[in-house]
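Student: Can we go through this one together? I'd like the overall picture, then some details.

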Amino acid sequence: MDAMRITDAVLGQSVLFFRASGFKQLLPIVLSTITDPLGPDPGSSVIKTGEVEYLGQRLVLTQSMILHKQLALKRGLDKIFILSPNVRLEHPKRKESGKHLFEFTQIDFEIAYASMHEVMHFVEDYLKALFSVLSQDHSDVLKKYGRSLPELPSHFPVFKLSDLQSEYGGQWEELKSKEMDVPFWVVSHKREFYDREDPKQPGVYLNYDLIYPEGFGEGLSGAEREYEYERIKMRIERDAKEGLDASKYTCYLELAKEGMVPSAGGGIGVERLVRYVLGAPHVGDVQLFRRVPGERVAV
Ligand code: ASN
């Protein structure tokens, strides 16, 4: 029940903060003809995309609403957020990471014409406001779990992924997270086609992950987006060489051809945030209905 109280506080405060910052809340979608491919990425462990066949149409379950966020901005909205359920059918070995779920909710947001730095500063302000409310209004729960949320610096430390990989190797996330006592950013990850590659510096990606300290690991990922038709097309074609089924994204490309709004955003994993606040051993421990890869669903 403590986890539900903290989850409720996180959701309530997040909605207040995003709305006060000028965001409009959109309803999530769960079924679509397209979803986030989550790769190609050798580190991804999604074994298949959930899908249903309905009236002769194949519809996929939302892995994230990233592509729909971009399409929503095309309709004239400029700051949006969604409490978005995501289904990611992860390999059962991911149970051991402590931070993977096959169904979770993210606070998914996008800002038209924003830079990655604007988004990073917005997230820093959001977490500062959230931690101060949690520390004040829920000190009894935090005390029960032996937790105290850190005093957050005005800007969080920023590291380049390639530097962390050289220093710590493949286990960089876990090792660096254990070493830190405040959340930090890791920038420039080579990943999905929608995260913008700096056109002036190929190989540099304008994206970022927020990593919680004390070994809790990644809690948000986001980016500036590719928005120019030719670049999106080129990125999809590049990923197709590494296994992306480009034919699934023809409708998205057609819409991109009409023009996409430049934007940046990200997604905050709600359960991972609550896990960090409470110091829970596994992210499934803070769910009312556990959805842990490799575990049978009880209800
Ligand atoms: N929501 C993330 C983003 O906005 C994408 C993801 O969850 N894969 O970049």
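**Overall picture and details**

Tutor: The protein's secondary structure amounts to nine helices and 13 strands; helices (H or I, at least four residues) and strands (E, at least two) are DSSP runs numbered from the N terminus. The radius of gyration is 19 Å, close to the 19 Å from the globule rule for 299 residues, so the protein is as compact as a globular protein of that length. That radius is taken over C-alpha atoms, and the rule is 2.2 Å times the number of residues to the power 0.38.

Student: What kind of model is it, and how are residues numbered?

Tutor: This is a predicted model, in which local features need pLDDT of at least 70 and side-chain atom pairs count only at pLDDT 80 or more, while totals for chains, interfaces and linings use all residues. Residues are numbered from 1 along each chain as its sequence is written, and side-chain values use heavy atoms, with hydrogens and water left out.

Student: What does the C-alpha trace span along its principal axes?

Tutor: About 55 × 45 × 40 Å.

Student: Switching to strands. What is the order in the open sheet of three strands?

Tutor: The order is β2-β5-β4, with antiparallel pairing; strands count as paired if DSSP finds at least two bridges between them. β2 (31-32) and β4 (51-54) are the edge strands, each pairing on one side only.

Student: How many bridges join β4 to β5?

Tutor: Four, and the two strands run antiparallel. Tyr54 has Gln57 in β5 as its bridge partner. Two residues lie between the strands of this hairpin, where Leu55 takes a positive phi near 50 degrees.

Student: And β2 with β5, over how many bridges?

Tutor: Two, again antiparallel, with β5 covering residues 57-61. Ser32 has Val60 in β5 as its bridge partner.

Student: Now helices. At what angle do α1 and α9 cross?

Tutor: The axes of α1 (residues 2-20) and α9 (residues 270-278) cross at roughly 120 degrees and come within 10 Å. Axes are lines fitted to C-alpha atoms, for helices over the stretch in contact, with angles from 0 to 180 degrees between N-to-C directions.

Student: Which residues of α1 and α9 meet?

Tutor: Asp2, Ala3, Ile6, Thr7, Val10 and Leu11 in α1 meet Val270, Leu273, Val274, Val277 and Leu278 in α9, contact meaning heavy atoms within 4.5 Å.
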